[in-house]
Amino acid sequence: MSMFQIFNISGSAVSAQSQRLNVVASNLANVDTVAGPDGAAYKARQVMFQTHLMGANGQLDEASAGVKVTQITEDQTPGRRVFDPKHPKADGTGYVTYSNVNSVEEMVNMISASRSYQNNVEVMNTAKNLLQKTLQMGQ
C-alpha cells in the first residue's frame with residue numbers, strides 16, 4: 001500500500017459521510033410533513049455503507065479498503081398518527097398521518113456523520129503534513 005492510498009481511503013469515507021449528511025438533512029426537512037394526496041407520508045431514509053476494496057492503478061488490493069454507499073433505504077415503520085379532525089389532511093376517522101422521521105435519531109446521525117467527516121479530513125491533513133516533512137528532510 002502506498003502512502004497516497006491514505007488519500008483515496010479517506011476520500012471515499014468523506015464522500016460517503018457527505019451523502020449521509022445529505023440524507024439526514026432531507027429527513028430533518030420532512031419531520032413535520034403530513035401525507036400528501038396519495039395518502040403516503042414521507043418515510044425516513046437511511047444510508048447503507050459497504051467496504052470497497054481499493055488499489056493502485058485500478059487493481060484490487062486487499063490491503064486497502066474504503067467505503068462506499070450501496071443504497072439508500074426507506075424506513076418502513078408507520079408514521080405518527082395524530083387525532084385532528086379539523087386538519088385539511090385528516091382522513092375519514094379524523095387522524096392525520098405525519099412522517100416517521102425521529103428528529104432525535106436524525107440529530108445523532110448528523111453528529112456522528114459530521115465527526116466522521118472531520119476525522120477523515122484530519123487524517124488527510126496529517127498525511128499531507130507527513131509527506132511535506134519527508135520532502136523537507138532532503139533539503
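This report walks through the annotated regions, salt bridges, contacts and surface patch of one predicted model.

## Ground rules

The model is predicted, so local features are taken at pLDDT of at least 70 and side-chain atom pairs at pLDDT 80 or more, while totals for chains, interfaces and linings use all residues. Numbering starts from 1 along each chain as its sequence is written, and side-chain values use heavy atoms, with hydrogens and water left out.

Residues 8–34 are 81% helix and 0% strand, with the end C-alpha atoms 42 Å apart. Residues 94–137 come out at 80% helix and 7% strand, and there the end C-alpha atoms are 75 Å apart. Helices and strands are DSSP runs numbered from the N terminus (helices: H or I, at least four residues; strands: E, at least two).

## Three salt bridges

How many salt bridges does the structure hold? There are three, where a salt bridge is a side-chain nitrogen of Lys or Arg within 4 Å of a carboxyl oxygen of Asp or Glu. One of them joins the side chains of Arg80 and Asp32, at 3.7 Å from N to O. Arg80 sits in the loop between strand S2 (64–74) and strand S3 (81–83), and Asp32 in the loop between helix H1 (5–29) and strand S1 (45–54), so this pair ties together parts that are 48 residues apart in sequence. Arg80 is partly exposed at 43% relative accessible area, whereas Asp32 is exposed at 57%. For these labels, buried means under 20% relative accessible area, exposed means over 50%, and partly exposed is in between (1.4 Å probe, protein chains only).

Then there is Glu74 with Arg45, whose closest N and O atoms are 3.3 Å apart. Glu74 belongs to strand S2 and Arg45 to strand S1, so the bridge ties together parts that are 29 residues apart in sequence. Glu74 is partly exposed at 40%, and Arg45 is partly exposed at 27%. Asp91 and Arg81 make another bridge, with closest N and O atoms 3.6 Å apart. That pair links distant parts of the chain, 10 residues apart: Asp91 is in the loop between S3 and strand S4 (95–97), and Arg81 is in strand S3. Asp91 is partly exposed at 34% relative accessibility, and Arg81 is partly exposed at 45%.

Which residues does Ser10 touch beyond its sequence neighbours? Leaving aside residues within four places in sequence, Ser10 is in contact with Asn120, Val123 and Met124, contact meaning heavy atoms within 4.5 Å. Ser10 is in helix H1 and is buried, with a relative accessible area of 4%.

Met110, in helix H2, touches Leu21, Val24 and Leu28, again not counting residues up to four places away in sequence. The C-alpha atoms of Met110 and Leu28 are separated by 9.8 Å, though the two residues are 82 apart along the chain. Met110 counts as partly exposed, at 30% relative accessibility.

## Loop residues

Asn30 is in the loop between H1 and S1. Its side chain reaches the backbone oxygen of Ser26 at 2.8 Å. Asn30 also touches Tyr42, Ser99 and Val101, with residues up to four places away in sequence not counted.

Thr77 lies in the loop between S2 and S3 and is partly exposed at 41%. Thr77 and Thr51 are 26 residues apart in sequence and 27 Å apart in space, C-alpha to C-alpha.

## A nonpolar patch

Which residues form a nonpolar patch on the surface? Met3, Phe4 and Leu130 do, with about 300 Å² of accessible area together. Accessible areas come from the Shrake-Rupley method with a 1.4 Å probe, and for residues only the protein chains shown count as cover. Patches are made of residues with over 30% relative accessible area and no salt bridge, joined within 9 Å for like charges and within 5 Å for nonpolar side chains (Val, Leu, Ile, Met, Phe, Trp, Tyr).

Leu130 is found in helix H2 (residues 103–137), and at 48% relative accessibility Leu130 counts as partly exposed.

Conventions
Polar contact = N/O pair within 3.5 Å; in protein donor to acceptor, adjacent residues only side chain to side chain.
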